[in-house]
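The stops below go from the whole chain to single residues.

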Amino acid sequence: MNIDYDSLFVSLYYLMDNSIKYCCPNTKYKIIFKQEEDDFSILFIMISIKINDQELKKITTRGYRSETAQKLNVEGNGIGMYRILKTLKLNDAELIITPRCNSYTKKSKDIEYEANEFRIRFKNQKDWLQ
């Protein structure tokens, strides 16, 4: 296993910071470690702000903040998701975002929330759990 732990720490920091910032209060947040055939993944599954289809590719663009994120008025400059991508590349890993990973939705204070999955996939990395 070839991992640069410092850059991995940065990736995990920004992913946790963003996902917790935009998570629906009083809901579950799951982290799953998953050994796959040729890869290893860490899945972050939560009820967080709705990700519209047209936003999906923009989320990781430097400086982008969705309308919903702006509506929440939480601190952010639109650089966290961009930094996640950059630091994951140092570990031959990728970020896969799956909006609506199940059918759960919730509305709270005029904000729409849904089940979203953020997966860090380490390509051609095996045996993390052995």
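How many positive and how many negative side chains does the protein chain have, and how far apart do the centres of the two sets lie? Select the charged side chains to see them: 21 are positive and 18 are negative, and the two centres are 6 Å apart. Keep in mind throughout that this is a predicted model.

**The whole chain**

Colour the cartoon by secondary structure. The protein chain has three helices and five strands. Followed from the N terminus, the order of these elements is α-β-β-α-α-β-β-β. The protein chain is as compact as a globular protein of its length, because its radius of gyration of 15 Å is close to the 14 Å that the globule rule gives for 130 residues.

Turn the model along its principal axes, where the C-alpha atoms fill a box of roughly 45 × 30 × 25 Å. Of the 130 residues, 40% are buried. Among contacts with a separation of 6 or more, 62% are between residues 24 or more positions apart.

**Strands 1 and 2**

Hide the surface and select residues 29-35, which form strand 1, together with residues 40-49, which form strand 2. The two strands pair in the antiparallel sense, over seven bridges. Look next at the hairpin of four residues that joins strand 1 to strand 2.

**S11 in helix 1**

Select residues 5-21, which make up helix 1, and pick S11 within them. Is S11 buried or exposed? S11 has a relative accessibility of 0%, so S11 counts as buried. Beyond its neighbours within four places in sequence, S11 is in contact with I84, T87 and L88.

**T68 in helix 2**

Finish at helix 2, residues 67-72, and pick T68 there. The relative accessible area of T68 is 15%, and buried means under 20%, so T68 is buried. Which residues is T68 in contact with, leaving aside its neighbours within four places in sequence? Display I49, K50 and I111 around T68 to see these contacts.

Key:
Residues are numbered from 1 along each chain as its sequence is written. This is a predicted model: local features need pLDDT of at least 70, side-chain atom pairs count only at pLDDT 80 or more; totals for chains, interfaces and linings use all residues. Side-chain values use heavy atoms; hydrogens and water are left out. The radius of gyration is taken over C-alpha atoms; the globule rule is 2.2 Å times the number of residues to the power 0.38. Buried means under 20% relative accessible area, exposed over 50%, partly exposed in between (1.4 Å probe, protein chains only). Contact means heavy atoms within 4.5 Å. Lys and Arg count as positive and Asp and Glu as negative; His and the chain ends are not counted. The place of a charge is taken as NZ of Lys, CZ of Arg, CG of Asp or CD of Glu. Two strands pair if DSSP finds at least two bridges between them.
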